[in-house]
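Hi,

Here is the structure I promised to pass on. My notes on what turned up in it follow below.

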Amino acid sequence: MTTASSRLGAASAPAVPYARPPLGKRLQVQLQKHGTNVLLISPFLVLFAIFVVWPVFRSAYLSFTDYHATNDPAWIGFDNYVELFADERFYRALSNTFTYMALVSSLAVVLGLLLAIAYGTQKRSHQWIRIAFFLPSVAGGVGVISVWKWLANSEPYGLFNTIRSWFGLDPVRFLGDPAWAVPLLVMLAVWTVMGYNLVIFVAGMRSISADIYEAAALDGATPAQRFFYITLPLLRPTILYVLITGMIASFQVFYEPYILFGTVDAIGGPLDSALMLVTYLFDHGFRQLDLGYASAVAWVLTTILFGLTVINMRLGRANEGV
């Protein structure tokens with residue numbers, strides 16, 4: 001009887017609240033537990049803080065200053081941003097960049113997917129074809145851009161104009177005509193990226209179980225139905241990845257317009273027809289040495305990229321339930 005009543009009293013006694021250890025004690029425990037790991041990655045963390053974190057905060061500060069690299073930064077508030085959004089060249093660069101991004105991203109994805117469907121098997125011939133399409137993506141750089149500059153040269157010895165002469169056509173000033181600036185850059189970019197997208201899509205398609213296709217074929221699904229109702233839905237994460245990385249790379253394009261169209265007096269080509277946001281930033285930051293203004297351009301570019309990435313990811317998540 002006594003034992004039962006004591007148990008009842010113990011059960012009805014109020015619970016003692018949990019006393020959380022102080023912050024210093026918790027940090028000490030975590031350091032004892034993970035101290036070796038933190039020590040091993042500390043060189044990377046230090047370098048990351050110096051060469052990534054600090055420049056980001058520094059550029060954010062400089063975007064609100066008048067800084068021409070020859071004098072100390074002077075705080076001017078939002079004047080750089082006001083001047084930026086009042087500059088017609090900025091809107092020209094923004095329009096060219098959006099046009100370039102939309103064309104390159106869409107064409108590279110569509111053509112890469114079509115090539116993956118056509119040459120995605122294990123046949124030896126298809127393997128060599130994939131290697132041929134992938135080579136431009138690994139051989140890119142100044143050399144390849146210089147080759148394209150020779151191909152599109154306005155003189156008769158340019159390959160494009162040489163081919164036109166075979167049909168009795170007059171030479172075209174590909175590098176001097178504003179109408180050809182963005183199309184030429186798009187062709188170069190799609191030719192370079194298409195093979196990379198091909199390899200990514202082939203890897204994504206091989207991750208889809210063959211049992212799904214066999215079951216659909218037994219149910220009478222045509223190849224087109226299997227593509228639209230099996231391949232495309234299951235490739236959405238891959239397509240989203242290729243699309244986002246392609247958009248980011250397109251917005252950061254610099255070497256192509258700078259080498260193909262940049263001159264001493266006009267970095268954006270004829271009538272700024274090849275002016276992109278990064279070349280516009282380069283013009284102000286490293287030619288005019290207006291680093292405060294260039295920092296403002298960089299943050300506007302970062303904001304646009306962040307917004308586009310968020311939109312694409314939300315659209316991808318929304319389509320997962322469709």
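This is a predicted model: local features need pLDDT of at least 70, side-chain atom pairs count only at pLDDT 80 or more; totals for chains, interfaces and linings use all residues.

Residues are numbered from 1 along each chain as its sequence is written, and side-chain values use heavy atoms, leaving out hydrogens and water.

As for overall form, the C-alpha trace spans about 115 × 75 × 35 Å along its principal axes. The radius of gyration is 29 Å, whereas a compact globule of 322 residues would come near 20 Å (taken over C-alpha atoms; the rule is 2.2 Å times the number of residues to the power 0.38). Of the 322 residues, 32% are buried (under 20% relative accessible area; exposed is over 50%, partly exposed in between, with a 1.4 Å probe and protein chains only).

The secondary structure consists of 14 helices and two strands (DSSP runs numbered from the N terminus: H or I of at least four residues, E of at least two).

Two backbone spots may interest you. Asp 272, in the loop between α12 (255-261) and α13 (277-287), has a positive phi of about 55° without being a glycine; its relative accessibility is 18%, so Asp 272 counts as buried. Leu 289, in the loop between α13 and α14 (291-320), also is not a glycine and has a positive phi of about 60°. Leu 289 is partly exposed, at 38%.

Best wishes
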